[in-house]
Structures are given as structure tokens and as C-alpha cells.
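Please look over the sequence and the model before turning to the points below.

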Amino acid sequence: MTQTPDKARPAPRAGILDIEAYVPGKSAAPAGVDRVYKLSANENPLGPSPKAIEAAREVAAKLDVYPDGTARRLREAIAEVHGLNPANIICSNGSDEILGLLAQTYLAPGDEAIITEHAFMVYKIYIQAAGGVPVTIKETDERADIDAILAAVTPRTKIVFLANPNNPTGTYVPFHEVRRLHAGLPKNVLLVLDAAYAEYVRRNDYEAGIELVGSAENAVMTRTFSKIGLGGARIGWMYAPAHIVDAINRIRGPFNVNATAIEAGIAAIRDRVHVERSVRHNETWLTWLSEQMIGLGLRVTPSVGNFILVHFPDDKKHSAAAADDYLTARGYILRRVSGYGFPNALRMSIGTEEANRGVIAALTTFLKS
Ligand SMILES: *Cc1c(COP(=O)(O)O)cnc(C)c1O
């Protein structure tokens with residue numbers, strides 16, 4: 001908390017240096033490994049839509065021109081695909097940006113924002129950056145506990161962040177439970193439904209939040225193009241009531257979504273074939289990988305996303321850290337998740353068939369060693 005009063009150089013305002021910076025997963029293997037399988041960032045193993053690649057190429061010749069500051073055509077394409085009013089959509093430089101803007105807009109210093117025990121880590125960073133106080137709620141069976149969240153609401157609570165499904169657990173809250181959460185919140189508390197993995201969820205009792213947002217003044221849904229093939233383009237969006245769109249637009253960077261992102265995004269969201277192919281690939285290999293891991297005696301948190309959380313045995317020789325070293329040396333880059341409260345687990349993105357089979361083969365040998 002304390003900062004040395006220092007007149008000799010600029011000092012960040014109180015609280016900034018208490019923030020623990022986000023540490024992304026590794027993306028490189030040690031020298032000498034010729035084939036690297038990056039399974040640490042939940043990217044699409046099928047890559048970007050070929051139509052998005054083509055669209056990005058075409059923009060290249062016009063990079064001197066500022067993008068449309070409201071990303072109108074991208075909002076219209078999103079609206080068309082999801083059956084929404086484009087006026088209720090804001091696009092952003094990844095959904096991370098919109099999460100940060102929400103915290104800045106709705107939290108005053110000292111206000112509380114609720115997050116769950118194993119929640120996606122950027123929420124905490126943005127809450128603290130806005131001067132807010134993160135209130136972390138225990139999960140039950142690695143899933144958000146709605147009653148516990150409701151019990152933690154105080155007069156200082158301004159936002160509840162719910163990743164549904166959550167990263168890195170991959171668990172989800174069925175929609176009737178999300179409705180119960182919303183119904184139990186005071187009307188001045190904003191419910192942020194982060195549906196970054198919505199495309200991948202194949203469950204009848206799941207809903208990303210479109211219906212709820214359409215009928216409430218205090219709920220928003222955030223989405224991303226990152227997990228479906230455009231992580232590098234940085235495209236996120238939010239569906240929100242008009243009064244929230246209006247407030248966010250006042251502080252949003254005027255050209256926050258770049259020209260390449262706009263064109264690649266429009267092409268990608270219209271390419272339903274690529275989305276469907278990606279989702280089908282995920283369904284097949286999510287099931288296969290979960291079964292194989294369980295067959296190896298490892299516990300897997302049941303996931304509906306495009307990744308699995310794998311828990312390792314207690315013996316030191318076969319710990320998550322040891323497995324990570326073993327896999328990395330063979331070119332398989334998974335995600336350590338100690339910072340998320342899982343010191344003995346690894347998160348693995350669903351990869352190509354070759355990557356998935358390779359990891360299982362390597363782990364089979366590792367666990368016998
Ligand atoms: C990946 C992820 C995001 C954000 O990704 P962007 O690339 O910034 O759009 C948001 N929420 C969760 C839960 C995620 O896993």
C-alpha cells in the first residue's frame with residue numbers, strides 16, 4: 001500500500017503498484033525442439049477463417065485511412081448473425097478492453113466488485129486499476145456459487161463479473177441459475193456476463209446472456225473473436241442496454257478497433273462454415289482428450305469450452321510442474337495455472353489432432369516414469 005513519497009520522479013497513483021501484472025502463457029519451447037504446439041492460449045487450432053485472412057490482406061493497401069470510429073459495419077454484421085440491434089453493441093480492442101472500460105465507468109474508489117475464486121484474472125486487474133476492491137467468492141466444485149455471490153453483495157457492490165463458461169475451469173452456470181443471480185441483485189449492481197467461449201458451448205441449459213440483457217437495465221454480455229480464430233486481431237464486443245452503451249462511448253478510445261480488425265471481423269463472423277467446423281472439431285477432441293486424461297488416472301474438470309483443466313497427482317515426480325517441464329521439452333506448451341488457485345493443474349487448449357494425440361502419448365510415458 002505504501003509508496004515512498006518521491007518528488008524526484010513521477011509516481012503512479014495509489015494502488016497501481018499493488019496490481020499484479022497479467023502473465024500470459026508461454027508460447028515458446030526450449031532451443032532444439034523443432035515442432036512447437038502452442039496449447040496455452042485457447043486459440044482456434046483450425047486457425048482464422050480463410051475469408052478473414054483475405055479481408056485483412058485487402059485492408060493492407062489502405063492502412064493510411066482511419067477506421068470508422070463506431071465500427072458500424074462490424075456491429076451490423078454481429079447484429080445480423082445474432083439477431084440484435086446494432087445500436088446496443090460496442091466493439092473493442094479484444095473483450096479485455098471492454099471489461100476495463102466497464103470497471104472504469106462503474107467503479108468509484110472503494111467500490112466493491114465481485115469475482116469468483118478461480119475467475120479469469122483480468123477482472124481483478126481492472127477492478128484495482130479503477131480503484132475498486134475485488135471481493136473474491138469461493139466456488140463449489142470449481143463452479144461459481146450463486147448463493148455465495150448473492151450473500152456477498154453489500155451497499156458498496158457495483159459490479160458482479162461472471163465468466164460463463166469460466167476460464168481456466170471450463171465450467172458453466174446454467175441459465176436458470178444466471179437468472180436467479182440477476183433476480184437477486186439490487187438494480188444498481190451491474191452483472192457482467194463474460195461469454196468468451198459461448199460459441200463452443202453445446203448445452204441445452206446454457207445461454208450466453210442475450211435474452212437477459214435484452215430485458216434488463218443492469219446486465220451486459222461481453223464476447224470475443226479471439227477463441228474462434230482471431231486472437232491476434234483483437235476484436236471483442238459487448239451487448240448492452242442503451243444507457244450503458246452511451247456511458248462507455250464517452251470514455252472509449254475514438255478509434256479503438258483498428259481497420260484490419262474491422263474487416264477481418266466482418267468476414268469471420270459471416271463465415272459460419274468455419275465457425276461450425278471449429279466447433280465440431282472442438283466437440284470431438286474435447287470429449288476424446290477428457291476421456292484419455294481420465295484413462296491416465298488424471299482428474300479433469302468437466303469443460304464446455306475449448307480447453308480442459310487437468311489435475312495432477314500429489315507425488316512430486318508427477319506434479320503439474322514436472323509434467324509441464326516434460327511436455328515443454330517435447331514442444332507441447334500448456335498453461336500453468338497456479339495464479340488461478342490451481343498449483344497442481346495444467347490448462348490445455350484443444351489442439352489439432354496431431355497435438356492432442358502427441359500430448360496424450362507424452363503424458364502416458366511421463367506418468368509411467
Ligand atoms: C480469453 C478471454 C477473454 C478475452 O479475450 P480477448 O482476446 O481480450 O477478447 C475474456 N474472458 C475470458 C474468460 C477469456 O478466457
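The model is predicted. The protein comprises 12 helices and 13 strands. Its radius of gyration is 21 Å, which agrees with the value near 21 Å that a compact globule of 369 residues would have.

**Overall form**

- Along the principal axes, the C-alpha atoms of the protein fill a box of roughly 60 × 55 × 50 Å.
- Of the 369 residues, 52% count as buried.
- Among contacts with a separation of 6 or more, 74% are accounted for by residues 24 or more positions apart.

**Nonpolar cores**

- In soluble globular proteins, nonpolar side chains tend to be buried together.
- The largest nonpolar core of this protein holds 51 residues, and Leu 74, Leu 191, Phe 225 and Trp 237 have the most contacts inside it.
- Helix H9, residues 259–270, gives the most to this core, with six residues.
- Another core, of 31 residues, lies apart from the largest one and includes Ala 103, Tyr 123, Phe 161 and Ile 244.
- Leaving aside residues up to four places away in sequence, Leu 74 touches Cys 91, Phe 225, Ile 235, Val 257, Ile 262, Gly 265 and Ile 266.

- Strand S6 spans residues 190–194, and five of its five residues are buried, so the strand is largely enclosed by the rest of the structure.
- In a regular strand the side chains alternate between the two faces of the sheet.
- In S6, Leu 190, Val 192 and Asp 194 point one way, while Leu 191 and Leu 193 point the other way.
- Strand S5, residues 157–163, runs parallel to S6 and is joined to it by five bridges; Phe 161 has Val 192 in S6 as its bridge partner.
- Between S5 and S6 the chain passes through helix H6, residues 175–184, in a right-handed β-α-β crossover.
- Strand S7, residues 219–224, also runs parallel to S6, with four bridges joining the two; Thr 222 in S7 stands opposite Asp 194.

**A loop residue**

- Asp 315 is located in the loop between strand S10 (307–311) and helix H11 (320–329).
- With a relative accessible area of 34%, Asp 315 is partly exposed.
- From Asp 315 to Glu 353 the separation is 38 residues in sequence and 30 Å in space, C-alpha to C-alpha.

Key: Residues are numbered from 1 along each chain as its sequence is written. This is a predicted model: local features need pLDDT of at least 70, side-chain atom pairs count only at pLDDT 80 or more; totals for chains, interfaces and linings use all residues. Side-chain values use heavy atoms; hydrogens and water are left out. A nonpolar core is a set of buried Ala, Val, Leu, Ile, Met, Phe, Trp, Tyr and Cys residues joined through side-chain atoms within 4.5 Å. Buried means under 20% relative accessible area, exposed over 50%, partly exposed in between (1.4 Å probe, protein chains only). Contact means heavy atoms within 4.5 Å. Two strands pair if DSSP finds at least two bridges between them. A crossover is right-handed if, with the strands pointing away from the viewer, the path from the first strand over the helix to the second runs clockwise. The radius of gyration is taken over C-alpha atoms; the globule rule is 2.2 Å times the number of residues to the power 0.38.
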